[in-house]
Amino acid sequence: MNNQLSNIPIEYQDLTELSAISTQYRKFSKGQYIDHQQFNEFLDFFEDQDRLSRALLQGVGVVCGLKAKPVYKDSLLKSIQLSQGVALTTDGDLLTLNNLNKISEELYVSDLKTLDIKSKEYTYFKVYDNFKVKYPAFYEDKNQIELWELATDLEKNSDFQKIGNLSNLEDKYLLLYLESYEKEVKPCRGVDCDNHGVQQIRNLKVLLTTAEGIKYITEKDRVQEHPLFFENILQETKQERAIVERLILENGIDKDFYPSDLKRFYAEIIERNGFAEHIFKKVNIISNVFGISPVDHQIFKTKLEKYLTQESGFQYAYDVVKDLEDTYSEIIKFLPQSFTKYLPYLASFPKHIMLGKLISDKHLDPTRHRFYNSPALDDHQSLQKVIMLIERFKQQVENFREWVDLQSIDEIKITPSKKQLPLGDKTIPFYYKVTEAFLKAWSFDKTNNRSSNTNLAYDSDLLSTDEHIQKPMYFNKDNKSFYNIEGHQGLNYYDVYEQIKQIRDEKQLDFDIMGLSFGEVGDKNDLFKAYFNEYVDKHPGLEHKRGVEKGGTFVMVYEINGRYAKIVADFSIPYICCTPKIDVKLTLPSSVICSKSEPVPFTVFPMNGDVKAVVGSGLNAGVTVNSDGKYIFDPALVSKELYNKEIAFTVNGKSTNCKIKVIPQSDITVIVDSVIHSDETETTVKFIISGDNFEDYNYIWDFWNNGRLVTLNPDEKRNVTYVYKNLNPSIIPIIKVNIVGGGCTQTIVIENWYEENPIIIKGIVFEEGGDCCEGRIPK
């Protein structure tokens with residue numbers, strides 16, 4: 001941006017403090033003799049740091065106030081009133097208006113001033129001669145521009161004349177100028193010269209100049225240059241709405257329309273817009289000020305013209321122009337706030353401040369310095385937003401796909417987006433080629449938070465691998481009010497209709513689908529197809545938006561060629577238009593059912609309603625029709641992939657509150673491992689449990705077949721042990737065990753488990769020192 005700290009012209013270097021910056025100083029030792037160079041080095045260092053802190057960490061220009069107002073009496077100029085204010089020059093000078101407070105009585109000591117004033121009334125003027133300083137901003141070659149100095153009643157001397165004599169006020173511009181020079185001092189005489197030194201004069205002058213003079217001053221000013229001051233730069237431009245009903249209004253409802261009519265309709269709008277050339281010119285003006293390379297409009301125009309020769313896809317030429325206009329709207333939104341400078345050019349206004357035209361009705365006066373704050377104070381980062389938006393504009397132009405690239409895309413996707421601006425909050429349309437640079441330019445907030453890969457887009461290869469980015473339809477969509485529907489133009493309508501309907505039903509999205517034919521529709525009972533002319537006449541709000549908003553209808557226009565119905569355009573309306581406005585209801589006896597349970601009937605309203613499950617393709621959700629023509633739910637038919645998941649249903653394509661979860665039936669085996677008699681009264685039975693996930697179930701036993709239930713779950717070795725008391729060998733009970741889990745119960749019956757000749761162990765006595773397995777230990 002042409003901001004270089006060290007690049008100060010030679011003519012300014014003797015007049016500015018920051019033309020040579022002190023970077024070090026000396027510390028003094030006790031009793032040390034200090035010469036003037038050492039002491040001045042110390043002062044220069046800290047003064048330079050102070051000036052640099054102001055110019056680089058705070059900003060330059062008019063901070064506040066310093067507004068002029070001509071005051072008249074009896075139609076004559078009485079005074080020029082200038083309000084108190086604050087300004088900072090590029091040399092780090094802090095300028096404010098002041099009045100003399102106390103005249104010093106000591107030689108070479110400055111008079112004291114006060115800032116406690118609301119304004120100053122300048123009632124006198126004289127021609128100003130800058131011969132003492134020769135300030136370069138006031139000189140064209142060796143000739144000084146026209147300047148007049150203003151003075152108050154207290155400041156005037158005999159050279160001044162009353163301000164009423166000032167002529168041609170319409171051609172006068174105000175300046176605040178810090179007259180800065182060193183005063184010559186006579187050689188020291190006498191014994192004591194300690195009071196002597198080179199006096200630094202700082203006189204604040206209020207000056208007037210002409211339009212020619214102010215033009216010369218501004219031409220040297222690299223900081224004040226800002227695109228905001230260009231004429232009509234803030235004028236917003238919007239593309240004409242493409243309301244397709246105009247075709248009917250202008251040509252009549254009986255006219256036969258073809259894809260070429262729609263294409264010509266859009267082409268004429270884009271041509272009247274000049275292929276957005278006016279926006280390119282404005283963006284390039286702004287880019288030039290900020291040192292950014294321009295964008296080539298001709299290459300972009302050639303791309304658009306290619307789209308407008310095709311039978312489908314021509315609507316995307318309209319879309320991209322609208323996108324560019326939306327980006328420009330964001331640019332001019334932040335442009336008035338973007339007065340931020342990085343390393344301001346120090347020779348721009350080192351000792352003066354422009355205060356604008358004396359008599360002006362302009363809100364934005366290019367001859368009045370704004371305040372260019374430091375990036376450290378740019379809380380809203382407006383300048384960075386403008387620069388990023390210009391980069392987005394460039395990326396949109398450069399990455400708008402060629403028509404041949406768009407033809408190779410045939411995957412239909414529905415992606416959640418937003419209906420309202422700004423564009424950066426919306427999903428990236430599929431007609432842009434997504435690159436790393438494009439992602440970083442799309443949304444300032446996400447890029448600033450280092451999350452540019454969390455934008456949503458048709459092409460998700462470079463996006464985050466997080467599931468909510470790759471599969472956004474499976475997650476909360478509360479803040480998304482629009483659905484981008486892309487990849488369908490040029491394909492067969494009947495195939496596309498089924499694919500979009502399947503995606504809509506699986507994801508339970510709230511929009512309707514409609515197909516419009518350029519020819520008469522044979523099946524008048526098909527509520528989802530209509531004749532183009534009749535439908536457009538009944539629904540005048542039809543617009544192309546590359547998708548549909550929530551609760552709206554997505555309309556596809558197709559042309560029949562033999563058996564192929566090619567989609568040539570799409571539109572939307574913000575309401576449901578096709579599905580009959582009939583309440584639907586659907587219920588099941590339970591919301592949970594076992595996989596091996598008997599089928600259960602649906603209760604459907606209306607009775608002839610079409611019931612479908614909302615599941616992925618290739619999965620069976622158990623919906624079937626019995627011999628009486630009624631819908632039933634058979635859990636035995638449900639695909640295992642759907643176990644333990646809620647299955648939702650629709651009636652006539654409309655969502656219902658009916659849901660059911662299928663719990664897989666357990667497949668557990670229980671066998672008797674051993675039966676041991678420990679004495680005449682106790683019989684111990686050990687069971688072994690087998691089967692997947694055996695630990696997830698509860699085991700409820702009826703050991704005596706008398707209805708008395710006992711819950712015994714297997715240990716980690718899958719074992720269950722039960723001890724019978726006083727079991728009668730001649731009456732062996734049947735053992736039943738209910739295996740319960742997730743609402744399902746598996747019942748296992750165990751019979752003939754008692755051995756004919758059980759092992760009876762009454763007791764074991766070991767000899768002293770003996771071993772139960774090997775007998776006695778030899779002595």
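This is a predicted model: local features need pLDDT of at least 70, side-chain atom pairs count only at pLDDT 80 or more; totals for chains, interfaces and linings use all residues.
A disulfide is a pair of cysteine sulfur atoms within 2.5 Å. The cysteines involved are C594 and C744, with their sulfurs sitting 1.9 Å from each other. The torsion about that S-S bond comes out at about -125°, so the disulfide is left-handed.

Where do the two partners, C594 and C744, lie? C594 belongs to strand β26, which covers residues 592-594, while C744 belongs to strand β40, covering residues 744-750, so the bond ties together parts that are 150 residues apart in sequence.

What about C658? This cysteine takes part in no disulfide, and the nearest cysteine sulfur, belonging to C594, is 17 Å away. Because buried means under 20% relative accessible area, C658 counts as buried with its 5%. C64, by contrast, is partly exposed, with a relative accessibility of 40%.

Turning to another spot, T367 sits in the loop between β16 (352-357) and β17 (371-373). Is T367 buried or exposed? Its relative accessibility is 10%, so T367 counts as buried. Leaving aside residues up to four places away in sequence, T367 touches Y173, I214, M354, L355, G356 and K357. The side chain of T367 also makes a polar contact of 2.6 Å with the side chain of D365. As for L204, its C-alpha lies 19 Å from that of T367, and the two residues are 163 residues apart in sequence.

Definitions and conventions: Residues are numbered from 1 along each chain as its sequence is written. Side-chain values use heavy atoms; hydrogens and water are left out. Helices (H or I, at least four residues) and strands (E, at least two) are DSSP runs, numbered from the N terminus. Buried means under 20% relative accessible area, exposed over 50%, partly exposed in between (1.4 Å probe, protein chains only). Contact means heavy atoms within 4.5 Å. A polar contact is a pair of N or O atoms within 3.5 Å; within protein, one must be able to donate a hydrogen and the other to accept it, and residues adjacent in sequence count only if both atoms are side-chain atoms.
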